[in-house]
Amino acid sequence: MDDLKTLIREVPDFPKPGINFYDITTLLKHPEGLRKVVDAMAEKFKDEKVEAVIGIEARGFIFAPALAYHIGAGFVPVRKPSKLPAECASVSYDLEYGKDTLEIHRDAVAEGHRVIICDDVLATGGTAKAVVNLVESLGGEVVGLGFVVELEFLPGRKKLEGYDVRSLIKYQS
Ligand code: AMP
């Protein structure tokens, strides 16, 4: 999987000074790269018998539906505030650069539903942990979290201790 690093563009000082941004658009436009990533993610979760893959706006929306399709699950969006039309549960949290709030439809996850949470990059883990809390507040069971990229020099995995965290491409610095 590390060969895919050549397809990920690193953009220094984006979106603000000091952040090295891992840009997956260069991977997405590469047919082989895209296929490899989606197939590998599906392989990791294919036996989990999940009802839904939860995608986090915005870049989680790229991978989560593809993963859901592959493993025979549904797709549930977690969105920025005031985007979802029906009754929502919401959570506020800190991220690597700033603060944010996310929402999910209250009827998107039922009590006891097995779900996977999917995003492009695991950085500090604040976003993913917030989504874990959202899902659990609705009675859902988080059976795993899948990321294309993991920044191992940040405490994302530690923040998600106790959960099955799987990533494909890891950066040590
Ligand atoms: P975090 O909550 O810190 O784990 O941040 C996760 C979210 O922010 C993910 O949805 C990523 O898309 C985005 N993100 C955070 N840091 C980076 C980075 N260095 N490069 C690319 N995306 C990032």
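**Contacts, Rings and Charges in a Predicted Model**

Guide: A polar atom of the Arg157 side chain lies 3.0 Å from the backbone oxygen of Val165. The model is predicted: local features need pLDDT of at least 70, side-chain atom pairs count only at pLDDT 80 or more, and totals for chains, interfaces and linings use all residues. Residues are numbered from 1 along each chain as its sequence is written, and side-chain values use heavy atoms, with hydrogens and water left out.

Visitor: What makes the approach of Arg157 to the backbone oxygen of Val165 a polar contact?

Guide: A polar contact is a pair of N or O atoms within 3.5 Å; within protein, one must be able to donate a hydrogen and the other to accept it, and residues adjacent in sequence count only if both atoms are side-chain atoms. The distance of 3.0 Å between Arg157 and Val165 therefore falls within the limit.

Visitor: Which residues is Arg157 in contact with, leaving aside its neighbours within four places in sequence?

Guide: Contact means heavy atoms within 4.5 Å. The residues that Arg157 meets in this way are Leu122, Glu150, Val165, Ser167 and Lys170. Ala42, by comparison of positions, is 115 residues from Arg157 in sequence and 20 Å from it in space, C-alpha to C-alpha.

Visitor: Why is Arg157 called partly exposed?

Guide: Buried means under 20% relative accessible area, exposed over 50%, and partly exposed in between (1.4 Å probe, protein chains only). Arg157 has 36%, so it is partly exposed. Arg157 belongs to helix α5, residues 156–159; helices (H or I, at least four residues) and strands (E, at least two) are DSSP runs, numbered from the N terminus.

Visitor: How do you know that Glu57 is buried?

Guide: The relative accessible area of Glu57 is 17%, and because this is under 20%, Glu57 counts as buried. Glu57 is placed in the loop between β3 (52–56) and α3. Its side chain makes a polar contact of 3.0 Å with the side chain of Arg79. Apart from neighbours within four places in sequence, Glu57 touches Val78, Arg79, Lys80 and Lys83.

Visitor: How many aromatic pairs does the structure hold?

Guide: There are 3 aromatic pairs. One of them joins Tyr22 and Tyr171 and is tilted, at 4.4 Å centre to centre with 50° between the planes.

Visitor: What makes the pair of Phe61 and Phe75 edge-to-face?

Guide: The centres are 5.8 Å apart and the planes stand at 85°, which is over 60, so the pair is edge-to-face. Phe61 is in helix α3 (residues 60–71) and Phe75 in strand β4 (residues 74–78), 14 residues apart. Phe61 is partly exposed at 25%, and Phe75 is partly exposed at 33%.

Visitor: What sits over the ring of Tyr171?

Guide: It is the charged end of Lys5, 4.6 Å from the ring centre. A charge sits over a ring if NZ of Lys or CZ of Arg is within 6 Å of the ring centre and within 35 degrees of the ring normal.

Visitor: How do you know that Asp23 forms a salt bridge with Arg9?

Guide: A salt bridge is a side-chain nitrogen of Lys or Arg within 4 Å of a carboxyl oxygen of Asp or Glu. The closest N and O atoms of Asp23 and Arg9 are 2.8 Å apart, so the pair qualifies. Asp23 lies in strand β2 and Arg9 in strand β1 (residues 9–12), so the bridge ties together parts 14 residues apart in sequence. Asp23 is buried at 10%, whereas Arg9 is partly exposed at 43%. The structure holds 13 salt bridges.

Visitor: Why is Asp47 called exposed?

Guide: Asp47 has 60% relative accessibility, which is over 50%, so it counts as exposed. Asp47 forms a salt bridge with Lys46 at 3.6 Å, N to O.

Technical notes. Phe/Tyr/Trp six-rings, centres within 6.5 Å; stacked < 30°, edge-to-face > 60°.
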